[in-house]
Amino acid sequence: MSSTMPSTDDVSRVHERAPNVARMFLDRVAASGSREAFRLPVGEIWESRTWQQTSEEVHRVAAGLIALGVEPGQRVAIASSTRYEWIVADLATMCAGAATTTVYPSTIAEDVAYILADSDSVLVFAEDDTQVEKLRARRSDTPHVTRVVVIDGPADDTAAGADDDWVVSLQRLQEIGAAHLAEHPGVVESRADAIEADSLATLIYTSGTTGRPKGVRLRHSGWTYEGEAVAATGLLSIDDLQYLWLPMAHSFAKVLLTTQLAIGFPTAVDGRVDKIVENLAVIKPTWMGAAPRIFEKAYGRIVTMAHSESPAKARIFDWAVGVGTEVSQAKLAGRKISPVLAAKHKVADRLVFAKVRARFGGRVRFFISGSAALSKEVAEWFHAAGILILEGYGLTESSAGSCVNRPESYRFGSIGLPLSGTEFRIADDGEILINGPGVMDGYHHLPDLTAEALDDEGWLHTGDIGRIDDDGFVWVTDRKKDLFKTSGGKYVAPSHTEGLFKALCPLTSQMLVYGNERNFCSALITLDPDAVDEWAGRHGMAGASYQEVVASPQMQEEIQGYVDRLNAKLNRWESIRRFVLLDHDLSIESGELTPSLKVKRRLVEDKYRDKLEALYT
């Protein structure tokens, strides 16, 4: 079954695009030179960069790369957290005719060396001394790397123990570039104009759950298509303001960058996750992309804080949520809101919901959720509070953006409608297949795996199970590899259960459902540290450690209550008979979460198999 195809006007608009990302950027500068392009934190204040100012920096860095010998088609790696300099380095790499290799800053030295060697990267932008030391420790494994440019390095190039010219500062690279531009003023434009549409633009290495990461080869034409396809939805305008914190090494953030190039809105950039709430209040964006965990955590935080207030305030909060839910359901069903309900909602909004929206800056028109499944119930809760979360869908292998809900046409629980020019199909076994300009060339140096992912007609096999409804909305029910069968022969979709629980229990951080070939389902649960602290204060355990609170009979009873409520919503074979609470949360640093905050299911199952197996003893 295929999706409903977009209108001819939308398709034609998508195909009227720049031949490559470098040209796309230069065209945006020509059109919007004096407009604001980026905001970045400098100490305690935010500074702005216009498109023209950004272009000047990009030109100097690109010319510096050319002067250091970077050739068209070669790879340049970026090992850094999300920041303005990451974007400059990425744009400069492409303007120099090279391709960007992305490296998460949390990647261990061994895997960094593998990625650099597998990609044949010749130069690396490293964020700081920590990243440089990883490179220095495995220098013999990466002979192709001839230079390291350190972003947070001193101006005199004494960075990270630099005993030769192998490490230079970003400032020094710009000085080299400025000198090169003085002698060859048109060199950057010449390199940009020479890039073919199907040339490699980005190598993104998927974090994976087992084995070595795979390099996904993404073309310039894929990224320019993505930017223009999102623009064609009408979601955004040049007057919007984006707040960007997502890891730039992830395809979700990359597609947001090309969308910015296509439309021209400004973006405030800061990858520090612990600063999101604080920054939202200052920046006051009109939209933001995020992983579901951010919304789950915000939901849990708001609910637990409300219930930690006086009983009277907690009752007002719950009443307001009830009223907001009534209004939300009426809107979704297309029913008229009665004058009595409208009056109640006005009070509920003033007492509760306006304060909730203020936490996000007060100007957000919508959020876009991606990289993992968003709980339908969490999305509905935010809608009741007057905050719209539009879920989208895509894989690194499809340049991230393939499907998204729209502000005027959305269904909670679905991943929305395909982008113009992208087609969805459901295979006989229920697997979602994608075809379109954003689909990858293949996996770098891995022809056998490429053949498994891409069939002869160019359809990408996503590994997700789903359906397409009569209106063209696509629904994902679970990962094909995550589905399991109980010993009684019943199939279980774990992500469905996990999403329900996160919406029910505001204390939850993560849940992993287990039960393949077992006679019942069990679960591993972790709790959010901030929520645990607040809960402890309300239950006579203020000052107790996280481990003490989680292990307490009171907390075990609390979570059991939420599990009982969960089971009331499930079929008997799906219900959670037993669970174990870990004495710590899962983390990126421990390798249990991907940088986009998804649980590495197989790794976590293996790591805590003894605890899970004990539930069946």
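**Exercise 1.** What radius of gyration does the protein chain have, and what value would a compact globule with 617 residues have?

*Solution.* The model is a predicted one, in which local features need pLDDT of at least 70 and side-chain atom pairs count only at pLDDT 80 or more, while totals for chains, interfaces and linings use all residues. Residues are numbered from 1 along each chain as its sequence is written, and side-chain values use heavy atoms, without hydrogens and water. Start from the rule, which takes 2.2 Å times the number of residues to the power 0.38, with the radius taken over C-alpha atoms. For 617 residues a compact globule would come near 25 Å, and the protein chain agrees, having 25 Å. Then turn to the extent of the C-alpha trace, which spans about 70 × 55 × 55 Å along its principal axes.

**Exercise 2.** Determine what share of the protein chain is buried, and what share of its contacts joins residues at least 24 apart.

*Solution.* Of the 617 residues, 57% are buried, meaning under 20% relative accessible area with a 1.4 Å probe and protein chains only. Next take contacts (heavy atoms within 4.5 Å): among those between residues at least 6 apart in sequence, 67% join residues at least 24 apart.

Note on methods: Buried means under 20% relative accessible area, exposed over 50%, partly exposed in between (1.4 Å probe, protein chains only).
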